[in-house]
Amino acid sequence: MTESYRVFVTRVLPGDGFAELRQDPAFDLDVWPVDFPPTREELLKHVGGVDGLVCLITDTIDAAVLDAAGEQLKVVSQMAVGVDNVDVAACTARGIPVGNTPGVLTETTADMAWALMLASARRVVEAAEYVKAGQWQTWTPTQMAGVDVFGSTLGIIGFGAIGQAIARRAQGFGMRVLCWNRTPRPDEAAAVGAEQRGFDEVLAEADFVCVSTALTADTTHLIDARAFELMKPGAILVNTARGPIVDEAALVHALRAGQIGGAGLDVTAVEPLPMDSPLLAMDNVVVVPHIGSASLATRSKMADMAVANLRAGLAGEPLPHAVSTAVGSK
Ligand code: GLV
């Protein structure tokens with residue numbers, strides 16, 4: 001009888017793929033049972049001797065974790081598109097492919113960028129809290145008046161699949177769309193009616209700045225104090241990518257100084273956002289808990305992809321969706 005593959009899965013996943021994996025005798029699964037991630041010590045302990053690892057953005061997968069796993073580790077499969085929590089270079093150096101889940105979350109995440117844009121512009125959260133607090137006494141000409149999204153200028157920083165999906169939605173809002181990407185993407189911009197501009201120009205002209213780039217060493221604090229100085233006084237910053245792309249201290253300063261008009265954040269520098277963050281005391285800031293891809297359908301598809309990547313990696317086959325294609329050396 002062939003031995004089963006030992007796999008550590010750092011959380012219970014949705015979707016049929018995971019349910020099938022759990023029933024499959026070819027896999028000996030260790031599933032972290034609660035919603036809180038394993039601590040560092042628990043992670044190091046549970047990866048010992050595994051052939052495969054399925055992880056989430058809340059798990060730091062670095063060289064020490066790979067060493068604790070051991071040489072038989074064949075695949076790291078992350079249920080997310082962003083893999084900044086995984087030391088991909090360390091995996092590659094050990095011949096371990098890293099899988100992710102691009103594509104399926106593009107539209108869902110673009111929807112969230114728009115939800116934050118509209119909520120911030122039209123003060124939806126603030127207004128809903130006002131009603132719940134019993135403060136709705138009458139109608140006045142300027143009560144909860146915000147800014148128009150329709151007909152305004154949208155600036156997109158990072159023009160990958162999600163940035164393009166955000167841009168596509170802007171057509172229905174009669175917006176002018178400006179975009180910046182480190183590597184110019186003229187065809188993609190033209191396809192969605194966006195204009196490519198320099199980084200500074202996008203920031204200076206946009207009424208809404210949507211951050212939609214991967215977090216790397218180069219993009220850490222890409223949106224810094226200088227960027228806020230360039231932005232229009234009423235501009236609204238939306239971030240559905242990764243918190244550290246924005247210098248949060250500089251954001252707080254820009255909001256306090258009235259350099260920008262507001263912010264809609266799905267991601268923050270530290271997650272969960274500490275309750276003493278000044279951002280939480282600001283009426284013109286909407287923060288949601290990193291739920292960009294959180295429709296049940298999309299999260300199930302992401303989990304299915306993560307399982308498919310795991311299965312392929314264990315079988316020594318190319319991953320259907322690989323960040324690093326260190327395949328075949330295991
Ligand atoms: C979520 O943030 C992801 O990268 O998929």
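**Ligand site**

The shell holds Ala80, Val81, Gly82, Leu105, Arg242, His290 and Met302. I noted that this is a predicted model, in which local features need pLDDT of at least 70 and side-chain atom pairs count only at pLDDT 80 or more, while totals for chains, interfaces and linings use all residues. Residues are numbered from 1 along each chain as its sequence is written, and side-chain values use heavy atoms, with hydrogens and water left out.

I sorted the shell by type: four residues are nonpolar, two polar and one charged. In this scheme Ala, Val, Leu, Ile, Met, Phe, Trp, Tyr, Cys and Pro are nonpolar, Asp, Glu, Lys and Arg are charged, and the others, Gly among them, are polar.

Next I looked up distances from ligand oxygen atoms. One lies 2.8 Å from a polar backbone atom of glycine 82. For the side chain of arginine 242, an N or O atom is 2.7 Å from a ligand oxygen. For the side chain of histidine 290, the corresponding value is 2.6 Å. On its own the ligand has 190 Å² of accessible area, and the protein covers 88% of that (Shrake-Rupley method, 1.4 Å probe; for residues, only the protein chains shown count as cover).

**Histidine 290**

I stayed with this shell residue and asked where it is found. Histidine 290 is in the loop between strand 12 and helix 12; helices (H or I, at least four residues) and strands (E, at least two) are DSSP runs numbered from the N terminus. Its phi is positive, about 50 degrees, although it is not a glycine. Histidine 290 counts as buried because its relative accessibility is 19% (buried is under 20% relative accessible area, exposed over 50%, partly exposed in between, with a 1.4 Å probe and protein chains only).

**Helix 12**

I then followed the chain into helix 12, residues 296-314. Its 19 residues reach 27 Å from first C-alpha to last, close to the 27 Å expected at 1.5 Å a residue (the expected span is 1.5 Å times one less than the number of residues). Its buried residues include Met302, Ala303, Met305 and Ala306; Met302 is also in the ligand shell. Glycine 316 follows the helix, with a positive phi near 75 degrees.

**Aspartate 59**

Is aspartate 59 buried or exposed? I have it down as buried, because its relative accessibility is 1%. Aspartate 59 sits in the loop between strand 3 (52-55) and helix 3 (63-69). Its side chain reaches the backbone nitrogen of leucine 56 at 2.8 Å. Leaving aside neighbours within four places in sequence, aspartate 59 is in contact (heavy atoms within 4.5 Å) with Thr10, Arg11, Pro37, Pro38 and Asn85.

**Glutamate 107**

Glutamate 107 lies in helix 5, residues 106-121. I put it down as partly exposed, because its relative accessibility is 34%. Its side chain makes a polar contact with that of arginine 169 at 2.8 Å (a pair of N or O atoms within 3.5 Å; within protein, one must be able to donate a hydrogen and the other to accept it, and residues adjacent in sequence count only if both atoms are side-chain atoms).

**Backbone check**

The peptide bond from glutamate 271 to proline 272 is cis, with omega near -5 degrees.

Note on methods:
Near = heavy atom within 4 Å.
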